[in-house]
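Here is a short tour of ring contacts in one model. Have the viewer open and follow along.

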Amino acid sequence: MEKGKKAIVMSGIRSTGFLHLGNYFGAIRNYVRMQEEYECYFMVADIHSLTTHPDTKELRQNVHRVLAENIACGLDPEKVALYCQSHIYETAELYMYMNMLAYKGELEKTVTFKEKVRLHPENVNAGLLTYPVLQAADILLHRATLVPVGKDQEQHLEMSRNFANRFNHRYGEVFPEPFAFNFGEELIKVPSLDGAGKMSKSENQYATLYLSDDDELIRKKVMKAKTDSGPTEPFSVKPEYIENIFNLMRLVSAAEVLAKFEADYDNCIIRYGDMKKQLAEDMVAFIRPVRERAEAIRNDHAYLERIMEMGAEKARESARKTMDLVRTAMGLKYY
Ligand code: TYM
């Protein structure tokens with residue numbers, strides 16, 4: 001990196017539904033910290049949404065919601081470029097060039113592709129197959145090196161690095177390698193409340209806590225989380241669904257609260273009903289202010305439109321510079 005120059009950060013969230021705790025702890029919490037130190041580009045991946053949600057009736061509302069929820073979580077549109085993917089046409093151009101460097105075999109092996117084929121066998125479109133190429137274009141367009149994401153995106157990042165390296169090898173050094181990033185820790189996966197999989201925007205909705213859930217719904221969902229009758233041996237290993245509850249508590253509860261329940265577990269005197277009640281209250285206290293701020297922002301359409309335009313301008317400036325380097329390296333300049 002050039003001396004004195006800030007590292008470049010890029011990430012995105014699809015506009016396919018309501019944001020949840022997984023999106024917050026896997027991605028947005030990092031964005032909010034990174035905006036203080038780095039040059040940041042964060043966007044709503046509306047084009048990616050079309051690979052699985054071709055119906056666009058709710059798209060505008062969803063895009064507005066994702067923007068509002070990001071801002072409600074503490075993202076400052078003055079400090080970062082907060083924009084919408086489809087507003088940056090250069091993305092499509094880079095995606096096209098990158099498609100020539102991506103192979104059918106590797107795309108077919110992608111875990112997320114295989115999962116989507118299984119879930120929606122009736123809509124296996126080419127956009128779905130080349131999803132990781134579009135994601136690489138999003139990142140490489142800003143020549144970003146740090147990509148704050150949850151664990152589920154690790155393979156996409158590895159593919160982005162491969163595409164970047166292939167481009168550099170063939171046409172000359174243009175792109176630095178991008179890496180998945182989480183502050184000081186391993187990439188995270190926020191589990192679903194039923195212990196079966198992860199929290200998700202479009203599946204498993206009763207076991208996912210959304211940033212828009214009201215207090216009663218949060219309590220209900222937490223109280224329904226799977227538990228058992230408790231350990232019978234001191235210092236037992238926790239089953240995964242119990243570890244999940246501790247993990248959720250680790251995210252939103254005070255350290256001494258967590259320590260108390262850890263000790264109760266180790267001494268075989270834990271009462272899961274009490275633990276879930278405590279977790280529910282801490283969850284309500286965490287989600288409520290975000291939900292209230294997001295509601296207010298979401299209804300201010302003029303503000304959101306201004307934000308989007310301001311973000312797109314910043315993103316276009318960076319995109320134009322990169323595409324100039326790309327076209328020069330590829331020999332696409334004929335006059
Ligand atoms: P998406 O919209 O599925 O998720 C947005 C972000 O939230 C993280 N995440 C989670 N983290 C922890 N636990 C969970 N249960 C959980 N669920 C979701 C995701 O890892 C992600 O960071 N392909 C991307 C969108 C994208 C993108 C990009 C990301 C498009 N272009 C460029 C980074 C860079 C996606 O589908 O995210």
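The structure holds 9 aromatic pairs; rings of Phe, Tyr and Trp (its six-membered ring) pair if their centres lie within 6.5 Å, and planes under 30 degrees apart count as stacked, over 60 as edge-to-face and the rest as tilted. This is a predicted model, in which local features need pLDDT of at least 70, side-chain atom pairs count only at pLDDT 80 or more, and totals for chains, interfaces and linings use all residues. Residues are numbered from 1 along each chain as its sequence is written, and side-chain values use heavy atoms, leaving out hydrogens and water.

**Phe25 and Phe286**
- The ring centres of Phe25 and Phe286 are 5.5 Å apart and their planes stand at 25 degrees, so this pair is stacked.
- Phe25 belongs to helix α1 (residues 21-34) and Phe286 to helix α13 (residues 272-298), which links distant parts of the chain, 261 residues apart; helices (H or I, at least four residues) and strands (E, at least two) are DSSP runs, numbered from the N terminus.
- Phe25 is buried, with a relative accessible area of 2% (buried means under 20%, exposed over 50%, partly exposed in between, with a 1.4 Å probe and protein chains only).
- Tyr24, Phe25 and Phe286 make up one aromatic cluster.

**Tyr31 and Phe42**
- Tyr31 and Phe42 are stacked, with ring centres 4.0 Å apart and planes at 10 degrees.
- Tyr31 lies in helix α1 and Phe42 in strand β2 (residues 39-45), so the pair ties together parts 11 residues apart in sequence.
- Tyr31 is buried, at 1% relative accessible area, and Phe42 is buried, at 1%.

**Charge over a ring**
- The charged end of Lys226 sits over the ring of Tyr241, 4.3 Å from its centre (NZ of Lys or CZ of Arg within 6 Å of the ring centre and within 35 degrees of the ring normal).
- Lys238 lies over the face of Tyr265, 5.2 Å from the ring centre.
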